[in-house]
Amino acid sequence: MKFFDKINLISDGLDGLIRPCTALLAAGFTVLIFVTVLSRYLFNFSILFSQEVSKLLFIWACFFAATITYKKMAHIRFEFAESFLGIKGVLITDVLIHSLSLVFFGLIFVQSISYVRQIWETYFPLIGISQGWIYVSVLISSVVFLIHNTSFFLESLRSLKKWNKVEPKTDNKV
């Protein structure tokens, strides 16, 4: 099995794992907020820890959902460039963009490790766990982004290489 195929398999596997996790996280914070509001107004009883737990669940769901969106390539993207760049220009641009994205996600990964270390010793007052768990979501998501982007980068390189092999020959004869 080639490296490209392994990266694609890992990327697809992570996406398949993150999708149900995201659904559970979103359902969790939705139900928790609903029950909290219901208990406050119907029973005049506040669930004190709900704000901290729902914040954690919401942030994790958002970062995981972002990786799903990225994998589906459903994020904002400018596609008008093909008309004046041509196919080869678009392929080269894709390689460049995915290269820069690898650097960007790598920087997010490195910085999130640093930030998790700095904030790990602070705790949520009611639930008593480290506030670093909020930023672990950034760390995990950046790894997933890196894997997805590596897959996209390798696919862009493969497409550019194929295009160069079958590049249309221009013949000036009339």
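This is a predicted model: local features need pLDDT of at least 70, side-chain atom pairs count only at pLDDT 80 or more; totals for chains, interfaces and linings use all residues.
Me: Thanks! So is C62 buried, exposed or partly exposed?
Reply: C62 is partly exposed, because its relative accessible area is 36%.

Me: And what about C21?
Reply: C21 has a relative accessible area of 29%, so C21 is partly exposed too.

Me: New topic: helix α1. How far apart are its end C-alpha atoms?
Reply: They are 58 Å apart. Helix α1 covers residues 3-42, which is 40 residues, and at 1.5 Å a residue it should span 58 Å, so the two agree.

Me: Why would residues three or four places apart point the same way?
Reply: Because an α-helix has 3.6 residues a turn.

Me: Let's zoom in on S11. What does S11 touch?
Reply: Leaving out residues up to four places away in sequence, S11 touches K71, I147, H148 and S151. S11 is buried, because its relative accessible area is 0%.

Me: What follows α1?
Reply: N44 does, and its phi is positive, near 55 degrees.

Me: Where does S46 lie?
Reply: S46 is in the loop between α1 and α2, the latter being 50-71. With a relative accessible area of 35%, S46 is partly exposed.

Me: How far is S46 from V35 in space?
Reply: Their C-alpha atoms are 9.7 Å apart, and in sequence S46 and V35 are eleven residues apart.

Conventions. Residues are numbered from 1 along each chain as its sequence is written. Side-chain values use heavy atoms; hydrogens and water are left out. Buried means under 20% relative accessible area, exposed over 50%, partly exposed in between (1.4 Å probe, protein chains only). Helices (H or I, at least four residues) and strands (E, at least two) are DSSP runs, numbered from the N terminus. The expected span of a helix is 1.5 Å times one less than its number of residues. Contact means heavy atoms within 4.5 Å.
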